[in-house]
Every structure is written in structure tokens, then in C-alpha cells.
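Please read it alongside the sequence and the 3D view.

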Amino acid sequence: MAAPPSVTLSPSQLARLAGIGEERTAGVGDVLYRVGDQRYPFIAILEGEVAIVDAAGEEIVRHGASGFLGELNLLSGQTVFVTAVVAEPLRYIAVDRDALRALLWEDGPLSELLLSTFISRREALQQVQGLGLEIVGPQSSEPTLRMVEFARWNRLPFTWRDPAHDEAAAKLIAGLDAAELPLVRLPGGVERQGPSTGEILRLLGVGRELAPREEVDLLVVGAGPAGLGAAVYGASEGLDTLVVEGTALGGQAGSSRRIENYLGFPAGISGAELTSRAVTQAFKFDARTATPFRAESLEEFEDRYLVRLEGDHVVVARTVLLATGAQYRRLPVDGLRDYEGISAFYAAGPPEAQRCGASRVGVVGGGNSAGQAAVWLARGGALVTLLHRRADLHETMSDYLIRELDRYGVVVRDKSEIAALHGEDGQLESVTLKSGGQLPLSFLFFFLGALPCTEWLDGAVARDENGFILTGAAAGADHLLETSLPGVFAAGDVRSGSTKRCATAVGEGAMAVQLVHARLAASRARVA
Ligand SMILES: Cc1cc2nc3c(=O)[nH]c(=O)nc-3n(C[C@H](O)[C@H](O)[C@H](O)COP(=O)(O)OP(=O)(O)OC[C@H]3O[C@@H](n4cnc5c(N)ncnc54)[C@H](O)[C@@H]3O)c2cc1C
């Protein structure tokens, strides 16, 4: 079982926390907070020890003097996934969450220490079996697979119980019809049958409500690096900005194991950390984010735009930024669905890496994301083979990553495409290559490029032959990021011709805000 790391505070940091918190004591066996609680204070330990245990009472980690408790949910307000029990007589400082937030804006080093610890603790908790959400449903149930994928994208600790391999799970859902699946059990005992993803997020305290009709200056659709970049710049410059996101704040960057090329992080930064920081920054500037709300259509409405969201919500906006990114491609082989989520994945996160340790793993794709995943899995102990279509990996992958593949013993197979998958009950055993050979592989990871998330726009804005949104001269627009509709902009991966990189997406999001200001000023001048 992975132990979330224990980190200590300096005497001066403890003194600062004492200044805004309350000193308290607790006896052995006292519970400071428990699984399912809606909130808890930040706790810095002066003397004594606290054991962090799961719902079954199994100890995960212990924190002692100068240590502190908490993980990401302390800042996000999400339901608590673990219980904190006093193990040695305790003297501690309790700091209310809002007071802590305020201190974090002022104290950079403390903010750095807490945030990076909270993020790495969340990663560690994701690897602890039996923690967090329990999703009960078979692989044949689409809504079950959607819920599993959703939990993964939102980096929630979860356990998927498939009745095909789990008798107790089969009993739990006996008698439920397809519409009542999956059965989702939340920390603290709340259960829901066939819930929407939005319902689960709101029950966990993460999702936000929207009024049935909202009116804003800038509506940002999609909260990846481009959308969050626009949110931070828009909100910090006083624009009335609303961001709607269909899945998880942070976008696909969150699934990158290590982003090495983002300016300002010479040692690299994990996608989860970069996006968690961006989300926290957006909250700091009071950007309004609403999730999960998928945009379903865009139309002109008087001198503004009307965007319909799932769940009968509408947003009327003076300007719109389309930042919906692109989605991974699936491999066109029979039966792939049977393996997805069990032994075939589209992102290499901590839970997957843990499952794959010491197994034979195939990573499919020739781009940098495939290279990063292959290195990460190999570092975790897997025996990794990278399969790609072209004759030379240098055509598609950065040199530094090719050197890393070599360093971590990743076998690279050029001109290799998968023709068939073989296995049982979703567990892969081998693959047949188009060239005829067979490879024993227990897990596959796909990194095959992306399709733009633009189908919902229908014909509302001009798009290129691959569906990416045209902007600037190509769309007959005046400005670089403007689409064929004046006042509607596009930024990031969804934009035709954009460089598919985090830094570009953030930069375009920021630039779009300047164009929005210009557009709003011009329409105010017209009215005057
Ligand atoms: C595994 C992996 C590794 C990567 N590694 C790197 C790297 O090392 N360096 C680097 O620079 N880049 C890397 N990238 C690329 C980088 O992540 C993207 O370029 C970046 O995320 C693009 O940002 P974006 O905001 O344009 O789109 P996204 O991050 O895709 O965000 C778009 C958001 O819009 C939401 N959305 C879609 N449709 C709707 C709708 N209808 N309504 C509401 N919301 C919607 C999506 O749910 C998503 O959250 C990597 C990508 C992957 C997948």
C-alpha cells in the first residue's frame, strides 16, 4: 500500500499558522475528521501523532510533530476520503479553510509546500485500494464505463467493482435494471443508482450550480490550459467571466505524466500538478467555473450569443471563447471496448502504473505523449515496448525523449501496427501485429493523436476538413484568434493550425482576453 508522503513545517511557518489558527489538544483515539465529512480544518501538529486510516480502519500513514494533515480536498471543499485518529496525545493548531486560503495567497513558500504535498498525497491516495468512490457495474454498461472514466479524469480515488469478477458486487446490483447502473457508493455511505456525473460531483462538494439562465461578458467553453488561461487573465482584469467544463477542470494536460517543456519548471512538472495549480489560481482570482456542464449548441442572439448547456441551462454572452480541445483517437480493432479501463488505457496515471508494475506493457504511438508514458511506466518497473507506425521515431518524437527511452530500457518497434487483441474478461494477454507476429502484452496504452471536440458546434463556425476551428484570415476574420463569427474566439488545441502544447494553449487563452476587451470596447463605442 502506498504511503502518502509526510512533510514537515518550519518553526516560522508553525508560528504564522498559530497566528491565524487556534491551539487545541486531543486524546488518543479521538477522531479529528472522518470519511464522508464535508469539510475539515487544516491541522498542523505541535506534539503527538495522528494516524490516517481508511474506512475499514486500515492505517495508511502517520504524521508527527511539525507535520500537517490534509490533501487536495482541503482546498477544493471535496468530501473527505480518509479518517484522522489521534495515535499519541496531541497538541495542534487548527486553521479554518478560508483563513488558510488567505494565508496561502500571501505566503508563497508555504503555498508551494502545502500545494505540492496535497497534490502528491492525492496521487498516493489514488493508489490505495478501497478508498473513495465505489463504482459497481459491469463492463457491458456504458454509463458504468463513463463513470469510471469520469472518476479517472477528475483524479478521484475510486474502486471499480465489476460483478463479473466480484460476487459481493454482483449481489449489490442484483435486480437493478440497466438504467439504474452503475451503483455508486460515496465516502460516508451515501448511495446512488444510475446517477449522472454531475450529481456525483455535486455530492462530493466539487460541482457548482448554475442559474437556468446566465448573462456574462465572456463565456469560456472548456477548462483546459487555454480556458483556464483565459479565466485567470479575464477574471484578474475584471471581466465578468464564466467558464463551463464538461468533464474535469484542467483538461487533457492533467493526464500528462511529466511536462518537461513548460516555461518556468526546469525540473518538469506533472500534468496533474500544473492543472491543479492553474485551477487554484483561477479560484484565487474568483473566476466562476461550472462543472460538469457540456455545451450543446451556439447560436447568434440579438447582438450577443446564446450557448445551450446540458441540463436545460442557457448562457447569453457578449463574447465566447471556444477552448474545447481535442480527444484521443481510438484504435480501430475489434473488441477494444472489452479491454478499455481494465487493460487498455488512454492515460498513464498512478493507478494504471501501479497495476502494470513488472508486467509487459505496450505503448502505442510515436509522439511525445507516448514517449513520456513509456518512460513513466518503465520507471515504475514495467517491461515496456513502444509500437509506432513510421520507420524512424525521430520523425515524430523529441530527441530528449528518445534518449530517455533508451535509458529506461524501453524497446522501440518501428513500423508496428496492432491488428488484433487477445485475452479474456478484459485482461489482455497478447496482440497480433499487422506484420503477422504476436507479442505477449498484459496492458496497452494508446497515444494516437486527437480529434477536435467541435461536433456540438455543427455549422455555427467555420471549421477545417478535420473539424478544427478556423480563425483569423482563414475564417475571414479580422483578428488572429477570431472565428467566422465576430466576437467568438478559439484558443488551444481546438484551433486549426495551433501547436498542440500547454504553453501555446495558455498563451492563446491570454491573448483571446485582449481581443475580447477590444471587442467589448468597440461595441460600447457603437452604443454610445
Ligand atoms: C498524455 C498527454 C501528454 C501531454 N504532454 C504534453 C507536454 O509534455 N507538453 C505540452 O506542452 N503539452 C502536452 N500535451 C498536450 C497538452 O495537454 C494540450 O496541448 C493542452 O492540454 C491543450 O489545452 P486546451 O485547453 O486547448 O485543451 P484541453 O486540455 O483538451 O481542454 C479542453 C477542455 O474542454 C472540455 N470540453 C470539450 N468539449 C466540451 C463541451 N462541449 N462543453 C464543455 N467543455 C468541453 C474538455 O472536457 C476539456 O477539459 C499532452 C497531452 C496528453 C494527452
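An oxygen atom of the ligand is 3.2 Å from a polar backbone atom of Arg501, where a polar contact is a pair of N or O atoms within 3.5 Å. The protein covers 93% of the 1000 Å² of accessible area that the ligand has on its own; accessible areas come from the Shrake-Rupley method with a 1.4 Å probe. This is a predicted model, in which local features need pLDDT of at least 70 and side-chain atom pairs count only at pLDDT 80 or more, while totals for chains, interfaces and linings use all residues. Residues are numbered from 1 along each chain as its sequence is written, and side-chain values use heavy atoms, with hydrogens and water left out.

- A polar backbone atom of Ala226 is 2.9 Å from an oxygen atom of the ligand.
- For Gln252, a backbone N or O atom lies 2.9 Å from a ligand oxygen atom.

**Shell around the ligand**
- Glu245, Ala295, Gln372, Asp493 and Cys502 come nearest among the 37 residues around the ligand (near: a heavy atom within 4 Å).
- The shell residues divide into 17 nonpolar, 14 polar and six charged; Asp, Glu, Lys and Arg count as charged, Ala, Val, Leu, Ile, Met, Phe, Trp, Tyr, Cys and Pro as nonpolar, and the others, Gly among them, as polar.
- At least two shell residues come from each of α8 (225-236), α12 (368-379) and α14 (502-527); helices are DSSP runs (H or I) of at least four residues, numbered from the N terminus.

**Arg152**
- Helix α5 (residues 142-153) contains Arg152.
- Arg152 has a relative accessible area of 17% and is therefore buried (under 20%).
- Leaving out residues up to four places away in sequence, Arg152 touches Phe158, Gly341, Phe345, Glu352 and Arg355 (contact: heavy atoms within 4.5 Å).

Technical notes: Polar contact = N/O pair within 3.5 Å; in protein donor to acceptor, adjacent residues only side chain to side chain. Buried < 20%, exposed > 50% of the residue type's maximum accessible area, 1.4 Å probe, protein only.
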